[in-house]
Amino acid sequence: MSTAILTGTPVPGSSLEGDLRSLGFDVRLASGVQEAAVQLAAVPAAERVAVVDPCFVGHVHALRLGLTDPRFPAAAIPGAVTARPEARASLLRALRQSGQTLADPSAPSASGGSAPSTVAHPIGDTAAPAVPGGAAREQAARGVADAWSPAHGSTPSAAHASAAAQGGVRADAVRDAYGPLPEQLAQAMEADGTAVHRPELGSLVAAVPTGLEARHQARAAVEAVDEEDVRLRSAVKARDGFFTTFCISPYSRYVARWCARRGLTPNQVTTASLLTALLAAAGAATGTRAGFIAAGLLLICSFVLDCADGQLARYSLQYSTMGAWLDATFDRAKEYAYYAGLALGAARGGDDVWMLALGAMVLQTCRHIVDFSFNEANHDATGNTSPTAALSDRLDGLGWTVWVRRMIVLPIGERWAMIAVLTAVATPRIVFYALLVGCGFAACYTTAGRVLRSLTRRARRTPRAAEALADLADTGPLAGPAARRLPGLPGLIPLAAAAAGAAAVTGAAALTPYGSVWPVAAAVLYVLTSAAAVARPLTGSLDWLVPPVFRAAEYGVILALAANAQVNGALPAAFGLVSAVAYHHYDTVYRIRGGTGAPPQWLVRATGGHEGRILVVTLAAALLGAADFTLALAVLAGAVALVVLAESIRFWVSSGAPAVHDEGEPA
């Protein structure tokens, strides 16, 4: 349980103690700064602690935003500050420093500066009387500042009198001398090097009024705002696709609230979304019109739940590491499982669309890698401007163009809506044709824009960006040692080397008959070109394209060889292998975005790296018959999935994993 320390007794009629308890806090009262420090130190080290001014007036959701968000080590709102275990030491130092400052009027204030010559605290239209800084300090040191005068609507409590008698420094004296104690503590923590998150409250009220009139004004401001409406609106992503914004979120947020009121967690809703999507895939796999219609409806229901899980997390601030992992990976699992269901359903009707299903998955995964790679390359680049970016900003200013451009890239909402409708009214082949055309156009549009931005901007990429791109490259034990022995190539030559090797091995796999040795020879060349591409840090203007080129080469080779095998089961086995490898690449992306770097090197070596897997698959195609090659693909898919999933699950359920929450919508 979390602990909230009130630095005094709340005024009569205040609901503050009840509000804090409703948020899961064990509320304790401290009569002075020193006692608050003692109580904070006594709280078990693994618990969150909050220090709250007893005069706080505001919405419960303002307290929730400021005191319960698990993503930040420390946070503050007017009148309250909180620290998770990793920031507890900083809060305790700030609290002790505040007590020492008031006990010694000549000492610097807790926030690192000296007291102002006069201190005024405007709350609404009423301000506390200005008090000379030195006199206020002397009053605080004696613990007799008249903070609980009749103007506050109360009288001194026995606890306050006892603290004063014992020489304790009262928090109301701190408020009179420097302002609310929690704000002083937050400033001191920041001066101590601790990042303090200050949530955007919008129309929510959080204030520490200093007089009776100001308190009435603050309470009136609280009553004037529909807190539940604000909470519902803030549960929806600030930036989302057109279909999601206008067709799903207007009612999915009420689903999120319904779940919150029944004690459901975001992880449970995420799991329900996955199960619903798997039922949709099963419906599509029946190959009947009724099954296709049911599949389309279930897919939309799955997307509603997919939106609701994030909205539930924002509505109740139930962010978690496990939730981040489930939400990030299940989206891909749901969509690709549905592709497999459509392919199975088509096969029941005598139409083999496994190549189209695998092609759609390859295209979609490569689109995501382009997005991730470009964003990581420019995450913290300096001088990150270009005429293309300026034109994009001007187009956004026109309003309606924002929605058009978001729809053009076929984000998940629009894409799933298209898949659901076409599944119900058309055939799986038509669904995949539409996906390939739509996603292909979107990929060309977004990639072309990013290439133009990269060529026209003069950004200086940081070592962190170069390291992220190197991790995304997934270079294995064959190209890695060779890269360390090769000289770095200048300019666009690394990208050209990667593209040339990718074209050679993909072309050989696609254009030569099954069993040919040419794909093996091209794979050996690909190992060398891959090494040359990563021989120097990927800091060039277009070096962010190197990882997507590697992904396209690997997935494309597997698809081409399986198609050339021309035996039943080869393409489904290839679908399974690409799914396992793609999961590894997505997992790498989410780790990098969480700030923990790539998966361990032993995992990259165990899975062979992209160049090693290509060499293994081409050797298998050259040495084995088509039926045995199918079995080899299935075995390789199972082995990769087993190793990658085991390590991924171990990492994401560990306490050291980051809570990554994507507020944008992937393409």
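Helix α13 is a run of 28 residues that reaches 40 Å from its first C-alpha to its last, close to the 40 Å expected at 1.5 Å a residue, where the expected span is 1.5 Å times one less than the number of residues in the helix. Helices here (H or I, at least four residues) and strands (E, at least two) are DSSP runs, numbered from the N terminus. The model is a predicted one, in which local features need pLDDT of at least 70 and side-chain atom pairs count only at pLDDT 80 or more, whereas totals for chains, interfaces and linings use all residues. Residues are numbered from 1 along each chain as its sequence is written, and side-chain values use heavy atoms, with hydrogens and water left out.

Helix α13 (residues 289-316) meets helix α11 (residues 242-261), the two axes coming within 7 Å and crossing at roughly 60°; axes are lines fitted to C-alpha atoms, for helices over the stretch in contact, and angles run from 0 to 180 degrees between N-to-C directions. The pair α11 and α13 is therefore oblique, because angles under 35 degrees count as roughly parallel, over 145 as roughly antiparallel, 65 to 115 as roughly perpendicular and the rest as oblique. The crossing of α11 and α13 is right-handed, on the convention that a crossing is left-handed if the near helix is turned anticlockwise from the far one by less than a right angle, and right-handed if clockwise. On the α11 side the contact (heavy atoms within 4.5 Å) includes F243, I248, Y251 and V255, and on the α13 side it includes F303, C307, L312 and Y315. The residues of this contact of α11 with α13 divide into 13 nonpolar, 4 polar and 2 charged, with Ala, Val, Leu, Ile, Met, Phe, Trp, Tyr, Cys and Pro counted as nonpolar, Asp, Glu, Lys and Arg as charged, and the others, Gly among them, as polar.

L317 counts as buried at 6% relative accessibility, where buried means under 20% relative accessible area, exposed over 50%, and partly exposed in between (1.4 Å probe, protein chains only). L410, in the loop between α17 (400-408) and α18 (412-425), also has a positive phi in a residue other than glycine, near 50°, and L410 is buried with a relative accessible area of 10%.

Helix α12 (residues 266-285) has 20 residues and reaches 29 Å from its first C-alpha to its last, close to the 28 Å expected at 1.5 Å a residue. Its buried residues, among them V269, L274, A277 and A281, pack against α11, α13 and α14 (321-348). After α12 comes G287, whose phi is positive, near 75°. Within α14 sits K334, which counts as buried at 1% relative accessibility. Leaving aside its neighbours within four places in sequence, K334 is in contact with S273, L274, A277, S302, D306 and W416.

The crossing of α15 and α19 is left-handed, and the residues of their contact divide into 13 nonpolar, 5 polar and 5 charged. Helix α25 (residues 570-593) and helix α28 (residues 626-652) pack at about 25° with their axes 8 Å apart, and so they too are roughly parallel. The crossing of α25 and α28 is left-handed, and the residues of their contact divide into 18 nonpolar, 4 polar and 3 charged.

T456 is found in α19 and counts as partly exposed at 33% relative accessibility; T456 and S541 are 85 residues apart in sequence and 9.1 Å apart in space, C-alpha to C-alpha. For the protein chain as a whole, residues 24 or more positions apart account for 79% of the contacts with a separation of 6 or more. The protein chain holds 28 helices and 11 strands, and buried residues make up 55% of its 667 residues.
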